[in-house]
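My notes below follow the order in which I looked things up.

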Amino acid sequence: MTFNEALAARINELLSEKGMTQYRLAMNSGVTAQNIDHIRRQRNQTNAVNIIYQIAQGFGMTLKEFFDSPLFDIENIID
């Protein structure tokens, strides 16, 4: 799994867990729905940490909480 795949999977996982829409996440985080959509569809080749930070804030969590998932374990990331 690439980092972008893991990132998209984590956002999708959290949207589902919290019963939140992409639009609500955009409103809560200040990141445009289009940027979130591009991350979820893995259209971005790079993702700025500040955008990830804003997304984490939109979920009401820290970066540590956001990245605290087996999806981001080193053995699961191939790039």
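Before placing anything, I noted what a helix is here: a DSSP run of H or I with at least four residues, numbered from the N terminus. With that settled, I found Asp73 in the segment after helix H5 (63-67). I also jotted down that this is a predicted model.

**Entry: the core.** Next I turned to the largest nonpolar core, which has 20 residues. Leu7, Ile11, Leu25, Ile55, Phe59 and Phe66 touch the most other members. Helices H1 (3-18), H2 (22-29), H3 (33-40) and H4 (49-58) are the elements that give two or more residues to this core. H1 gives the most, with five residues.

**Entry: salt bridges.** How many salt bridges does the structure hold? I found two. In one of them, Arg10 pairs with Glu13, with the closest N and O atoms 2.6 Å apart. These residues are three apart in helix H1, so about one helical turn separates them. Arg10 is buried at 7% relative accessibility, whereas Glu13 is partly exposed at 31%.

Asp37 and Arg41 also meet in a salt bridge, at 2.8 Å from N to O. Buried or exposed, I asked of Asp37? Asp37 is buried, with a relative accessible area of 19%, while Arg41 is exposed at 53%.

**Entry: one last look.** Ala33 sits in helix H3 and is partly exposed at 28%.

Definitions and conventions. Residues are numbered from 1 along each chain as its sequence is written. This is a predicted model: local features need pLDDT of at least 70, side-chain atom pairs count only at pLDDT 80 or more; totals for chains, interfaces and linings use all residues. Side-chain values use heavy atoms; hydrogens and water are left out. A nonpolar core is a set of buried Ala, Val, Leu, Ile, Met, Phe, Trp, Tyr and Cys residues joined through side-chain atoms within 4.5 Å. Buried means under 20% relative accessible area, exposed over 50%, partly exposed in between (1.4 Å probe, protein chains only). A salt bridge is a side-chain nitrogen of Lys or Arg within 4 Å of a carboxyl oxygen of Asp or Glu.
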